[in-house]
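Reader: I am new to this model. Please show me how to read it, one feature at a time.

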Amino acid sequence: ADFITVAIEDEINLNRKVEITAGISYDAQNFTDNEKRDKTTGIYSDKYIVEDDSMIWGTRDSFNPTVAVVWNTIEDILKLRAAASSKTKFPTLSAYSYILDSSDDKNLKPERSYNGNIGYEVTPFDKLVNLRMDYFYSRFDDKIEEIYSEYYADTVYTNIDGVTSQGVETTLSSIIENIAGIADASSSITYTYIHARIDTNVHDT
C-alpha cells in the first residue's frame, strides 16, 4: 500500500500579543497489492481488498485541520493557550492481514481522533519560576482494537465505538543562569492526571 500526507501551515503574529497557527493536512491510503500467504503450503492467494472510498486519490483519504492560539496576555509573564485538531489513522497492513475472510469487505474503518487543549503559563520572576497548566481532551471514533474472536478462534482487528481520554498536566520549572559565571542550572517537576473511558460492547477490549 501507498500512504501519503501533504500538509500546509501558516503562522500569524498579531502585534506580538497573539500568535495563531492554522493548517490542514491531506492524508491518504492506497492499496496496490494484497496477498495472503498460507502458513502450511507457503502459497500466496488473493486477500482482503478495501472498498474504494476516496475523495481525491487512493483507497481512502481524509482532510484534517489544526489551529492553535497563544495570547501573550501580560508580556513575558502570562500566556494563555488553546489548540484543536483532528487526525485520521488508517489501519496498518498488519491489521488488514488478520481479516480471515477475503470474500467481502469487512469494513475495517480508519480511526479518527478529535483533540483539544487549553492552558496557561505563568513566569512571574523571569526564568526563575515557570508554572504551566494544561487541560487536554481527545475523542477517538471507530478506534481500531485487536481482540480475540471465539468464532475464528484467532486474533482479529475491529472498530469499537470509541475511546474518550482527558486529563490535566502541571509543570513547575526553574532556570538559574550564569552561576559563578560558568554554568546554568535547570530543574522541573511534572504531574499528569489522565482519565480514559472505552465506549464499546465488544468483549476483550
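Author: Start with charges and rings. A charge sits over a ring if NZ of Lys or CZ of Arg is within 6 Å of the ring centre and within 35 degrees of the ring normal. Here the charged end of Lys143 sits over the ring of Phe140, 5.3 Å from the centre of that ring.

Reader: What should I know about the model and its numbering?

Author: This is a predicted model, where local features need pLDDT of at least 70 and side-chain atom pairs count only at pLDDT 80 or more, while totals for chains, interfaces and linings use all residues. Residues are numbered from 1 along each chain as its sequence is written, and side-chain values use heavy atoms, with hydrogens and water left out.

Reader: Which strands form the open sheet, and in what order?

Author: The general idea first. Strands of a sheet pair through backbone hydrogen bonds, either parallel or antiparallel. Two strands count as paired if DSSP finds at least two bridges between them. In this structure eight strands make an open sheet, ordered β1-β2-β5-β6-β7-β8-β9-β10, with antiparallel pairing. The edges are β1 (2-14) and β10 (183-199). Each has a single partner strand, so one side of each lacks a neighbour in the sheet. Neighbouring strands are turned by 15° against each other on average, direction ignored. For such angles, axes are lines fitted to C-alpha atoms, for helices over the stretch in contact, and angles run from 0 to 180 degrees between N-to-C directions.

Reader: How many bridges join β6 to β7, and β7 to β8?

Author: Strand β6 (residues 78-89) is joined to β7 by 12 bridges, and the two run antiparallel. β7 and strand β8 (residues 130-149) pair over 11 bridges, also in the antiparallel sense. Ala83 has Asn117 in β7 as its bridge partner. Ile118 stands opposite Tyr135 in β8.

Reader: What is Asn117 in contact with?

Author: Contact means heavy atoms within 4.5 Å. Neighbours within four places in sequence aside, Asn117 touches Arg81, Ala82, Ala83, Asp134, Tyr135 and Phe136. Asn117 belongs to strand β7 (residues 111-122). Asn117 and Ala84 are 33 residues apart in sequence, yet 6.7 Å apart in space, C-alpha to C-alpha. For the protein chain, 59% of the contacts with a separation of 6 or more are between residues 24 or more positions apart.

Reader: Is Asn117 buried, partly exposed or exposed?

Author: Buried means under 20% relative accessible area, exposed over 50%, partly exposed in between (1.4 Å probe, protein chains only). Asn117 has 28% relative accessibility, so Asn117 counts as partly exposed. Buried residues make up 26% of the 205 residues in the protein chain.

Reader: How many aromatic pairs does a search of the whole structure find?

Author: Rings of Phe, Tyr and Trp (its six-membered ring) pair if their centres lie within 6.5 Å; planes under 30 degrees apart count as stacked, over 60 as edge-to-face and the rest as tilted. The search finds one pair. Tyr26 and Phe63 form it, tilted, at 5.1 Å centre to centre with 50° between the planes. The pair links distant parts of the chain: Tyr26 is in strand β2 (residues 18-30) and Phe63 in strand β5 (residues 60-74), 37 residues apart. Tyr26 is buried, at 10% relative accessible area. Phe63 is partly exposed, at 35%.

Reader: Where do Arg16 and Asn178 lie, given their positive phi?

Author: Most residues other than glycine have a negative phi. Arg16 has phi near 60° and lies in the loop between β1 and β2. Asn178 has phi near 55° and lies in strand β9. Arg16 is exposed at 62% relative accessibility, and Asn178 is exposed at 54%.

Reader: How many residues stand between β9 and β10 in their hairpin?

Author: Three residues stand between them, and Ala180 in that turn has a positive phi of about 55°. Strand β9 (residues 154-179) and β10 are antiparallel, joined by 16 bridges. Ile179 stands opposite Ala183 in β10. Thr170 has Tyr191 in β10 as its bridge partner.

How values were computed:
Helices (H or I, at least four residues) and strands (E, at least two) are DSSP runs, numbered from the N terminus.
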